[in-house]
Amino acid sequence: MKAQTLKLNRFSFTAQSRALARRVALGLGILAVSAGTAHADGPGRGNTAQFEKNYLVFIVNHHYSALRITELAAGTDPMRDPPVVAPQEGTSATPGFGATPAKASDDEIRSMARMGNREQREEIGRALRMLREWYGIQYQPQLTPDGRRMIAMLEATPAGAQFNQVFLRTFSNHHLSALAPSLHCTVKSDLNHDGLQRYCENIVIVQKNGINDMREMLCKKYSDCGFIPMTGDKRKDYEF
């Protein structure tokens with residue numbers, strides 16, 4: 001009887017020890033996850049912090065310039081038309097700019113401009129949120145000098161077929177200027193900032209596909225099959 005009691009006590013002690021060990025391990029795991037989450041919501045470490053701030057400001061301004069570029073192609077409307085897809089529908093105007101009629105005459109180009117406008121508005125919002133939450137920066141988007149130049153050129157281009165071609169080339173060049181910085185972001189942003197890395201990877205994919213869509217349009221619609229986009233930086237554009 002005493003032997004059985006001793007065995008039961010030993011079993012109970014062993015079970016309790018194992019349960020305690022499991023609780024300790026679980027607690028440590030929760031602490032580790034919590035610590036990782038807390039860090040991921042904070043600023044980047046070391047040099048990654050400055051890179052992230054510079055990149056996020058760059059992409060906000062880059063996309064902000066694209067809004068007016070796409071508005072000139074698609075035109076602006078104060079509200080959506082009832083149909084889900086309306087070929088003549090426009091975009092909403094960028095703050096500081098008035099309403100404008102669509103200058104692109106091709107429905108496919110206007111559709112692409114509307115889609116790009118919407119995507120880049122949302123990407124601006126995400127970048128501003130990361131700047132605010134990680135670095136406490138309340139940033140106001142600004143037009144870049146290149147953006148102002150592109151906008152002025154498109155404003156001066158007559159509506160219709162001529163505008164279609166100038167827009168496709170201009171917007172391709174604009175897309176190209178975001179590719180290299182966004183690719184760098186995928187290997188220079190903080191390792192714990194998975195959201196930013198996915199954000200940058202998506203921009204690389206979307207901008208690349210957008211450029212090739214526009215090159216295809218130039219070739220099929222206007223027989224301009226030899227066009228290649230340029231950033232305007234000779235060191236980058238002619239390094240191969």
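**Disulfides, ring pairs and charges in a predicted model**

Number the bonded cysteines of the protein in sequence order and the pairing reads 1-2, 3-4. This is a predicted model, where local features need pLDDT of at least 70 and side-chain atom pairs count only at pLDDT 80 or more, while totals for chains, interfaces and linings use all residues. Residues are numbered from 1 along each chain as its sequence is written, and side-chain values use heavy atoms, with hydrogens and water left out. A search of the whole structure turns up 4 aromatic pairs and 10 salt bridges, and the disulfide count is 2.

**Disulfides**

- Helices (H or I, at least four residues) and strands (E, at least two) are DSSP runs, numbered from the N terminus.
- The torsion about the S-S bond of Cys185 and Cys200 is about 65°, so this disulfide is right-handed.
- Cys185 is buried at 0% relative accessible area, and Cys200 is buried at 0% too. Buried means under 20% relative accessible area, exposed means over 50%, and partly exposed is in between (1.4 Å probe, protein chains only).
- Cys219 and Cys225 make a disulfide as well, again with the sulfur atoms 2.0 Å apart. Their link is right-handed, with 80° about the S-S bond.
- Cys219 is partly exposed at 29% relative accessibility, and Cys225 is partly exposed at 49%.

**Aromatic pairs**

- A pair of aromatic rings is described by the distance of the centres and the angle of the planes. The rings of Phe, Tyr and Trp (its six-membered ring) pair if their centres lie within 6.5 Å; planes under 30 degrees apart count as stacked, over 60 as edge-to-face and the rest as tilted.
- One of the 4 aromatic pairs is Phe51 with Tyr55: the ring centres sit 6.3 Å apart and the planes are at 10°, so the pair is stacked.
- Both Phe51 and Tyr55 belong to helix α2 (residues 47-74), where they are 4 residues apart, about one turn of the helix. Tyr55 is buried, at 3% relative accessibility.
- Phe163 and Phe167 are stacked too, with ring centres 6.1 Å apart and planes at 15°. They are 4 residues apart in helix α5, about one helical turn, and both Phe163 and Phe167 are buried.
- Ring pairs also join Phe51, Tyr55 and Phe58 into a cluster.

- Arg114 sits in helix α3 (residues 107-135).
- The backbone of Glu89 does reach Arg114: the Glu89 backbone oxygen lies 2.9 Å from a polar atom of the Arg114 side chain.
- Leaving out residues up to four places away in sequence, Arg114 touches Ala74, Ala86, Pro87, Glu89, Gly90 and Thr91. Contact means heavy atoms within 4.5 Å.

**Salt bridges**

- A salt bridge needs a side-chain nitrogen of Lys or Arg within 4 Å of a carboxyl oxygen of Asp or Glu.
- Glu133 and Arg129 meet in one at 3.4 Å, N to O. Both lie in helix α3, 4 residues apart, about one turn of the helix. Glu133 is partly exposed at 48% relative accessibility, and Arg129 is partly exposed at 33%.
- Asp146 and Arg149 pair up at 3.9 Å, N to O. They share helix α4 (residues 145-156), 3 residues apart, about one turn of the helix. Asp146 is partly exposed at 42%, and so is Arg149 at 44%.
- Arg169 forms a salt bridge with Asp224, the closest N and O atoms being 3.1 Å apart. Arg169 lies in helix α5 and Asp224 in the loop between α6 and α7 (234-237), so the pair ties together parts 55 residues apart in sequence. Arg169 is partly exposed, at 27% relative accessibility.
- Arg68, Glu71 and Arg121 are linked in a salt-bridge network.

Methods. A disulfide is a pair of cysteine sulfur atoms within 2.5 Å. A polar contact is a pair of N or O atoms within 3.5 Å; within protein, one must be able to donate a hydrogen and the other to accept it, and residues adjacent in sequence count only if both atoms are side-chain atoms.
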